[in-house]
Amino acid sequence: MLHAIILAGGSGTRFWPQSRRELPKQFLKLTGEKTLIQETAGRCSPLIPPERIWVITNAALASETARQLPNIPSTHILVEPCARNTAPCIGLAAIQLLAVDPEATMLVMPADHVIETAPLFQSAVKQAVETVIQFPETLMLLGVQPTTPATGFGYIRRGVPVASVEATDVCQVISFQEKPDRGTALHYLESGEYYWNSGIFVWRAQAILDAIKKWAPEVHAILESLRVSLHKPLWCERLEAEFPSMPSISIDYAVLEKASSVCVLKAPFLWDDVGSWHALSRLIASDETANTLDGLVCTVSTSGCIVKTTGDHLVATVGIQDLIIVHTPTATLVADKRDEGSLRLLISELEKKGLQEYL
């Protein structure tokens, strides 16, 4: 059966000050009436019922995750003792699934992406699952056709179509590329050979576990040690003791860049990983002076700005350009839109100054 695995342990620091440690990006309403994690779980229906949805998060976020997703069984909220990136995280989910469904297929996806529309998403998932059923060792990625020379996304270079698969949208993967500079991203866009890496995967639970065993044996060894304690009284104790000793490594580095059975399916839906405040400009229409405004905002001689406020608090701007301004009840951010990467430095500075209650 098909199970959904939602990765929901992120801190969302690039969305500070709206995103906080105890209420990170996946718990926010950025584009509609539902939070990002609620939208992620919701688009699985009716393809995957709530009893086959699993969420991986951390201890600090487990309670809010359960509150926002009340239809998901509490036993399906898997808590990592510490952050160890996606390879250990996905491996942990795989051994859990195999314990209840030896033939399980996994749909793995982040909790904080925006996808339009749910029917197109479900159609792509069905197509990916059909390929995995036909070729059980396949590790399937969903790739998004680039529309701009984006520098904030990873890229997948696709190869020839998989001839034995009816859908011509399934291709072999040649290589993975890190977030490029603008010139390289423009080349990727113009070549027509690259997809954005959506971070959404479909594979059999046993297939990914076998791949981890082959390409990341140090991760697999600990997973096997943990597996013998599943559903036993000492499970939590063993998980707390052994999981932190795993290397912190992504599934891309650990497995996908090495394995030969990796394919990519062209996703038919609109997608955004909402990685930073710049995403707001892609999700909300800009005004005639290229401002992206969300909330009670009044501007004069202002251009190219991203401004977001909450409640009935008015933000008014005069004579500025290319700034990010985000107001919340306890903190306000004003930043150069062209240097958003420095937000991490700001977070570190707040920590140094003992202002953790604002993080």
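Arginine 204 is buried, at a relative accessible area of 18% (buried is under 20%, exposed over 50%, partly exposed in between, with a 1.4 Å probe and protein chains only). Keep in mind that this is a predicted model: local features need pLDDT of at least 70, side-chain atom pairs count only at pLDDT 80 or more, and totals for chains, interfaces and linings use all residues. Numbering runs from 1 along each chain as its sequence is written, and side-chain values use heavy atoms, leaving out hydrogens and water.

**Salt bridges**

- A search of the whole structure turns up 11 salt bridges (a side-chain nitrogen of Lys or Arg within 4 Å of a carboxyl oxygen of Asp or Glu).
- One of them joins arginine 204 to glutamate 137, with 3.7 Å between the closest N and O atoms.
- That pair ties together distant parts of the chain, 67 residues apart: arginine 204 sits in strand E9 (residues 194-204), glutamate 137 in the loop between helix H4 (118-134) and E6 (helices, H or I, have at least four residues and strands, E, at least two; both are DSSP runs numbered from the N terminus).
- Glutamate 137 is partly exposed, at 45%.
- Aspartate 272 and arginine 282 also pair up, at 2.4 Å from N to O.
- This pair too links distant parts of the chain, with aspartate 272 in strand E11 (residues 270-272) and arginine 282 in helix H10 (residues 279-283), 10 residues apart.
- Aspartate 272 is buried at 5%, while arginine 282 is partly exposed at 46%.
- Lysine 353 bridges to glutamate 349, again with the closest N and O atoms 3.7 Å apart.
- Here lysine 353 is exposed at 56% and glutamate 349 is partly exposed at 35%.

**Helix H7**

- The buried residues of helix H7 (residues 217-227) are Val219, His220, Ile222, Leu223 and Leu226.
- Looking down the axis of H7, they fall within an arc of 165 degrees, so they line one face of the helix (the arc is taken over directions from the helix axis to the C-beta atoms).
- Their cover includes helix H3 (86-100), helix H6 (205-215) and helix H8 (235-242).

**Two spots to look at**

- Threonine 57 lies in strand E2 (residues 53-58) and counts as buried, because its relative accessibility is 0%.
- Beyond neighbours within four places in sequence, threonine 57 has contacts (heavy atoms within 4.5 Å) that include Ala8, Gly9, Ile77 and Val79.
- Glycine 154 is in the loop between strand E6 (139-144) and strand E7 (155-161), and is partly exposed at 22%.
- Glycine 154 and tyrosine 195 are 41 residues apart in sequence but 8.6 Å apart in space, C-alpha to C-alpha.
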